[in-house]
Amino acid sequence: MTDNKAFQGSFQGEQAVWLQFGKYEAAILPEIGGNLIAFRDLESGYNFLREPAEGQIEDFKSNPGVYGIPVLFPPNRYEDGKFPWRGEVYQLPVNEEATGNHLHGFLHTTPWLVEDFGTTPFESYVTVKAVVDEKHESYKYLPFKFTIRLKYTLSENGLSQHLFVRNEGTNEMPCLLAFHTAINAPFAPNGVAGDYLVKATIGERWELNERMLPTGKFQPLSEEEKALQGEGVNPFFAPMDNHYTVAPQNGRNLMELRDTKLGVTLVYDVGTSYKQWMIWNNGATEGFFCPEPQINLVNAPKVDLPADEIGLFSLAPGEIWEETARIYVK
């Protein structure tokens, strides 16, 4: 058990804010995308998030989207980098050569500011923020002014995340966001991936074309995907880079990962504002997978379907959108 602490330190030489509370420990890297790079149960030796191995920090810096909890804004793919919005067409850089699309936005690589950190008798917390205005690198592509703030809290109830977005500009802005959360499977020391079952509140599977863009149609679920909705399936049953609607169960939108040998279940409850799931498992390579809560359908501004159905959220000047998520063990 640790003392309850929040302090500035380092993670493999990078500036970090560390949180400790009871048996839990977490670290965030504000200068590299506000990425929450570690969430651990020190008592049991569980590492819930994929971290760069000791000495592999450069691998993380070259591909920060597959470690920890990266913030994607706007998330996933946009055809030819084009982003139509309210009568304008904005041009994002084409940064995925294989598909000719823009991928994953800007916030997972840019520096965030540490706004506050500390402890109370009940939690340890840190708040980081990114202010996007004319000085931010993404503004030349999407000229909208906004503040995005993330608060992570450790308590006896695990790790909570509070996300806040406020439109600081004079135009209606798109509010499209996801977390490319990289979950270890196995998360237990000496665990075996074959002992793990994952369940997620997926609904229907979107058909994607050869450029990984939705056609607007659905595909039938396989037997394994039906198990993913219900009693669970191994996270590496087949290569997954799959896009689904959300179908909340019992009022909640979540992913559960169970170590069947230990009888321990990791719950990632993301809240019902997220209208889509993306699930990616690195070509069915055992070790980690990414259950990604996503506000919007991939390429949503170019898809001719109702905005509410595809999560094409907007914020008027001065408006705020917020959501909470929690990772805990049951």
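Guide: In the protein chain, 63% of the contacts between residues at least 6 apart in sequence join residues at least 24 apart, a contact being heavy atoms within 4.5 Å.

Visitor: What should I keep in mind about the source?
Guide: This is a predicted model, where local features need pLDDT of at least 70 and side-chain atom pairs count only at pLDDT 80 or more, while totals for chains, interfaces and linings use all residues. Residues are numbered from 1 along each chain as its sequence is written, and side-chain values use heavy atoms, leaving out hydrogens and water.

Visitor: Which secondary structure does the protein chain have?
Guide: There are three helices and 27 strands, taken as DSSP runs (helices H or I, at least four residues; strands E, at least two) numbered from the N terminus.

Visitor: What makes strand β25 largely enclosed?
Guide: Seven of its eight residues (287-294) are buried, so the rest of the structure largely encloses β25. Buried means under 20% relative accessible area, with a 1.4 Å probe and protein chains only.

Visitor: How do you know that β24 and β25 pair?
Guide: Pairing needs at least two bridges found by DSSP, and β24 (residues 276-280) and β25 have five, in the antiparallel sense. W280 has C290 in β25 as its bridge partner.

Conventions: Buried < 20%, exposed > 50% of the residue type's maximum accessible area, 1.4 Å probe, protein only.
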